[in-house]
Amino acid sequence: MTLPNVTEQSSLLDRRRSSHAANHYHTMNIPAPPSSLTLPEIDANEQRQINTSAPATFLTPSLVETSPRYRFFNKRSGQYDDDRQDLINENTGVRIWTDSYTSTDWIHDRIKEGVRLRKLRNMQGLRGQWAKAKDASQAWLLVFTIGIAVASVAWFIDVVQEWMSDLKQGYCSTQWRYNRQFCCWGIPEHQVCSAWKTWPEVFEVKGESSTYYTAMLAYTVIGLVLSFSAAVLVKYSAEKVTIRVPAHPKPFAKSSVSHDTIATPAVHTAPDKETKEETKMAYYSAGSGIPEIKVILGGFVIKGFLGIKTLIVKSIGNILSTSAGLTCGKEGPFVHLACSIGNIFCRFFPKFNKNESKRREILSASAAAGVAVAFGAPIGGVLFSLEEVSYYFPIKTMIRSYCCAVVAACVLKIWDPFGTGKIVLYQVVYDKEYHLFELVPFLICGVFAGFFGAFVSYYNIRYQHFRKSSSLRKYPIVEVLGIMLVTAVACFWNPFSRMSLSEFVSNLFSECSPTNDNGGLCADSSAEIPQLLVLLLAALVIKMALTVITFGCAVPGGVFLPALTIGAATGRIIGLIMQYITLTYPHAWPFSVCAPDIANGGECVIPGVYAMVGAAACLAGMTRTTVSLVVIMFELTYSLTYSVPIMIAVMVAKWVADAVFIEGIYDLLIDLKGLPYLEARKEYVHSATVMDLCEYLETIDIDQPITVGDLRLKLEANDAVGHGEDGGFPLLTNGNLLQGYIATHELTHCIDRLTRNYEASPFIVDHDLKDVPCYFRRFGNAVYDFRQVEEVVTPRSYPSLLSHDGHRRGITPVNDFSQYVDKAPITISQHASMELLMELFIKLGCRYVCVTNTEGHFVGIIHKRRLLAYLKSLEDQE
C-alpha cells in the first residue's frame with residue numbers, strides 16, 4: 001500500500017486522537033513481528049550504537065487530508081527537496097521549507113542546483129535536448145511575464161491615483177472618469193475649463209472667503225476619507241507575529257570559551273528564562289517595503305511579506321494614501337509590489353519556487369522592474385537593484401534584470417497612463433547648455449539638498465523611535481487621521497504645497513514658457529521673484545516637517561517622491577536666486593556671458609535645471625545611492641547635457657550626508673525594525689577574535705542513546721538563549737569530534753513527524769513518546785526510499801532492517817533523523833582571523849560556522865546572529 005507524502009509544514013498535534021485512530025489505519029497491511037528471526041552479524045561499531053531498552057515496533061503514518069482549495073496558490077506545497085537521495089549522497093542532507101524569520105541556507109541551495117543541473121546534463125537524446133531548452137527558457141519567460149505584470153499594476157495605480165488625487169478639488173462634469181488633465185484636454189492652463197467643476201462651484205458658494213473655506217473643507221474631508229480607508233486596509237491585513245526578545249537586554253559580551261578548551265558533551269540543566277515572547281502586529285503593507293526587500297534578498301525569510309494579500313492591499317492602499325494628499329510617494333512601494341509579483345510568479349516554476357537562492361535572483365530582477373516603472377528608467381532600475389537592494393547579483397541576474405526592466409518600461413510606455421507619452425508625470429527635456437559659472441550654484445545645491453536629506457532622515461528615524469515606544473503604535477488609524485488633518489491645514493493655504501507631490505515636482509522641474517507658467521512658479525520679471533521665494537521656502541519647510549511625521553506611519557507610501565520634492569524645492573529656490581542676480585546685474589562678471597540671451601528675450605538661468613539637480617542631491621543624501629541615481633536622472637531628462645552638474649551635486653550631497661551620519665534611511669529602518677542584515681559592502685575594524693564570538697551551546701553526542709524527551713530539552717535550552725529559530729546542534733562522536741550538524745528547524749520537523757505518527761498509532765502503548773530513541777547516523781550503506789511506509793525503529797529492530805550483506809532495506813524509520821544531517825558543516829580554526837570569518841559569512845552565506853582547535857576537536861559554534869550582535873556593538877562604539 002502506497003501512502004501519500006505527509007506535508008513538511010505540519011505543526012505539533014494538540015492531544016492524542018484515540019477515538020478516531022482506527023479509522024486511519026488498515027491493519028491488514030501491517031506486518032506482524034516474526035516469531036523467529038535469524039539476525040545478521042553486526043560489527044562492533046554498530047553494536048556500540050544500539051540501545052537495547054525497547055522492543056521493535058512498526059508504525060504506519062496517519063493519512064493527512066489536504067484541502068484542494070487554494071493549493072494552486074500555495075507556494076509551500078509538497079517537499080522542499082525533491083532530489084533527496086542525491087542530496088544525502090552529497091552529504092549536505094535534506095532541508096524543509098524555511099520558517100518565517102529564519103535565514104536561508106545558501107550553500108545547500110547551491111549544491112541542490114548543482115545536483116539538478118547534473119541530472120539535466122545526463123539526459124540524452126531528443127528528450128534531453130527538450131528538457132535543457134525548456135529549463136534554459138524558464139528564466140526568460142519568467143522575467144518577461146513579470147515585466148508585463150509589473151507594468152499592468154503600475155498603469156492601474158497611476159491612472160486611478162491621478163483621478164482620485166484631483167477628486168479633492170473637483171470633478172469632471174462631462175465624464176466623471178476623467179481627471180482634470182483629461183477633462184480639460186487641449187485647453188491652455190491659463191484659460192478657464194468649464195467642464196471641470198470645483199466643489200465651491202458644485203455647491204454654488206459665492207464670495208472669496210466662503211469659496212476658500214468650502215474648497216478647504218472638501219479637500220480635508222476627502223483626504224481624511226481616503227487616508228482612513230488606507231489605514232484600515234493596512235491595519236486589518238496585518239499579520240500577528242510572535243517574537244522572542246531578551247528578558248533582560250544585555251550588551252554584546254565576549255565568549256568565555258578559552259583557546260585551550262576541548263569541548264565535551266554538556267550536562268543538560270533546565271534552561272533559564274533568558275528570553276520572553278512578545279506578540280506584535282506586523283504591517284506588511286505599510287511604508288515602502290524596501291528595507292524588508294533588502295533583508296529578504298540578503299537571505300532572511302519573512303513569510304507573507306511578498307504574498308498575494310500584501311500585493312492587493314498595498315496596491316489599493318498606495319492609491320488611497322497618495323491620493324489623500326499625504327506626504328508620501330507611490331514610487332517606493334512599486335519596488336515592493338514588483339517583488340511580490342516576482343515571488344508569486346516563481347510559484348509556477350519549481351526550479352525557482354523550491355530554491356530560495358534562485359528565487360532571490362528573480363526578486364532582484366523584479367526590483368529593477370519596479371524602479372523602471374516608477375521613474376521610467378530601466379537602466380537606472382538595474383543599477384538601483386545592484387547598488388541598493390540586492391545582496392547576491394551575478395552577471396546572469398543583471399542581464400535578466402535588464403530584460404525585466406525594459407519589458408516593464410516598454411509596456412507602460414505603450415499604455416501611456418498619463419496621456420502625454422511619458423512613463424512618469426515629471427519627465428522633462430532640457431535642450432539648453434549651462435554656463436561654466438553655474439557649476440558653483442550647482443555645488444551649493446548639492447550641499448544644501450544633501451544636508452536636508454540627511455536632516456529629514458535623522459528626525460524621521462527619531463520620530464519613528466518615539467512612535468514605537470509611545471502609545472501611538474496602539475492607534476495607527478488615529479495617527480494617520482491626525483497626520484492627514486495637519487497636512488490639510490498646513491498645505492492648503494500655500495498654492496505650491498497644496499499640489500499633489502507628482503504635480504509639484506513636475507512643475508518644479510519644468511522650463512517656463514509663454515503658454516505654461518508651471519503652476520505659478522514662473523516670474524515675468526525680477527520683481528516677482530522675492531514673493532515666489534517666500535512661498536517656495538514655506539512649502540519647503542512644510543514638506544520637510546510632514547515627511548518627518550508621515551513616512552513610516554500605517555499607510556503604504558515611500559520616501560522617493562518626498563525627497564525629490566524637498567530637493568527640487570531647494571534647487572528651485574537657488575535657481576530663482578541665480579535668475580534674480582543675472583537679471584539684476586546682467587553686465588557684471590561672470591554674468592556678462594548672459595547678456596546676449598537676455599537681450600534676445602531668453603533666459604540665462606533655467607530654475608528647473610537647479611530643481612532637477614537639487615532633487616538628485618536630496619535623494620542621494622537620504623538614501624546614499626549615487627551611480628544608479630545619476631542614471632535615473634539622465635533617463636528622466638532624456639539627455640546627458642546636465643550629466644556633470646548632476647554628478648557633482650550627487651557626490652557632494654553624499655559627502656555632506658556622510659559627515660552627518662553614515663547610514664542611509666533604509667539601513668536606519670532595518671536597524672529600527674531589528675531585522676538581521678549583514679552588510680556586505682561595509683568595512684569593520686575588528687576588536688575581537690574568533691574565540692571571543694565562539695559559544696559552546698547544546699550538542700548531541702551520537703555515540704550515546706538519546707530520546708525524544710532529551711531532544712526536546714535541548715531545543716528548549718537553545719530557545720532560551722535566543723537560538724530557537726536559526727540555531728542548531730553540532731553532532732559529536734568520541735566526545736568532541738565533529739560529525740555533522742542538524743538545524744533546529746529540521747530537528748523540530750523530525751520530532752513533529754514522529755509525534756504525529758506516535759499519537760495516532762493504536763499499537764504503541766507500552767512506553768511514552770519521550771522514551772522513543774532517535775538516531776542521527778546512517779547504518780551501513782543506507783539507501784533511503786521516501787515512498788515507503790514509515791516506521792518507528794528501535795535498536796532491536798535495526799538488525800531486522802539490515803539485509804544479510806549489511807545494507808539497509810528500502811524503509812525509512814521515522815525516528816531515523818540522519819537524512820536531515822549536514823555531514824559537511826563549515827568549520828574554521830580557533831586561531832583564524834576575523835576577516836576570514838567575515839568572508840565565510842558574507843561570501844558563502846553561512847548561517848553558522850563551527851570552530852575547531854588545531855587537533856580538529858570541536859570547540860564551539862558561531863551563529864550569524866551572534867556575529868550581527870558583535871557588528872552592532874562595533875557600530876555603537878563608533
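Predicted model: local features only at pLDDT ≥ 70, side-chain atom pairs only at ≥ 80, totals over all residues.
## A patch of negative charge

On the surface, five acidic residues gather in a patch of negative charge: Glu189, Glu503, Asp517, Asp524 and Glu528. One of them, Glu189, is found in the loop that runs between α5 (180-183) and β2 (196-198). Glu189 has a relative accessible area of 43% and is therefore partly exposed, since that class covers values between 20% and 50%.

## A nonpolar patch

The surface also carries a nonpolar patch of about 490 Å², made by Trp155, Phe156, Val159, Ile414 and Trp415. Two helices, α4 (125-166) and α14 (395-415), each supply at least two residues of this patch. Helix α4 gives the most, with three residues.

Phe156 is placed in helix α4. With a relative accessibility of 42%, Phe156 counts as partly exposed.

Most peptide bonds are trans, and most residues other than glycine have a negative phi. The positions below may be read against that background.

The peptide bond between Trp589 and Pro590 is cis, with omega at about 5°. Pro590 belongs to the loop between α19 (560-584) and α20 (595-599).

Two residues other than glycine in loops between helices have a positive phi. For Asp416 the value is near 50°, and this residue lies in the loop between α14 and α15 (439-469). For Arg624 phi is near 70°, and its place is the loop between α21 (607-623) and α22 (627-637). Are these two residues buried or partly exposed? Asp416 has a relative accessible area of 25% and is partly exposed. Arg624, at 9%, is buried, because the cut-off for a buried residue is under 20%.

## A sheet of three strands

An open sheet is formed by three strands in the order β5-β7-β8, and its pairing is mixed. Its edge strands, β5 (700-701) and β8 (737-743), each pair on one side only. Strands of a sheet pair through backbone hydrogen bonds, and they may do so in a parallel or an antiparallel manner.

How do the strands of this sheet run relative to one another, and how many bridges join them? Strand β7 (residues 728-733) and β8 run antiparallel and are joined by six bridges. β5 and β7 run parallel and are joined by two bridges.

Phe729 stands opposite Ile742 in β8. Leu731 of β7 is opposite Ile700, and the bridge partner of Leu731 in β8 is Gly740. In the hairpin of β7 and β8, three residues lie between the strands. Asn734 in this hairpin takes a positive phi near 50°.

## The cover of strand β7

Which residues of β7 are buried on each side of the strand? In a regular strand the side chains alternate between the two faces of the sheet. On one side of β7 are Gly728, Pro730 and Leu732, and on the other are Phe729, Leu731 and Thr733; all of these are buried. Both faces of β7 are thus covered, and six of its six residues are buried.

Definitions and conventions
Residues numbered from 1 in each chain as written. Heavy atoms only, no water. Patch = residues over 30% accessible without salt bridge, like charges linked within 9 Å, V, L, I, M, F, W, Y side chains within 5 Å. Areas by Shrake-Rupley, 256 points an atom, 1.4 Å probe, with all protein chains shown as cover. Salt bridge = Lys/Arg side-chain N within 4 Å of Asp/Glu carboxyl O. Lys, Arg positive; Asp, Glu negative; His and termini not counted. Charge placed at Lys NZ, Arg CZ, Asp CG, Glu CD. Helix = DSSP H or I, 4+ residues; strand = E, 2+ residues; numbered from the N terminus. Buried < 20%, exposed > 50% of the residue type's maximum accessible area, 1.4 Å probe, protein only. Pairing = 2+ DSSP bridges.
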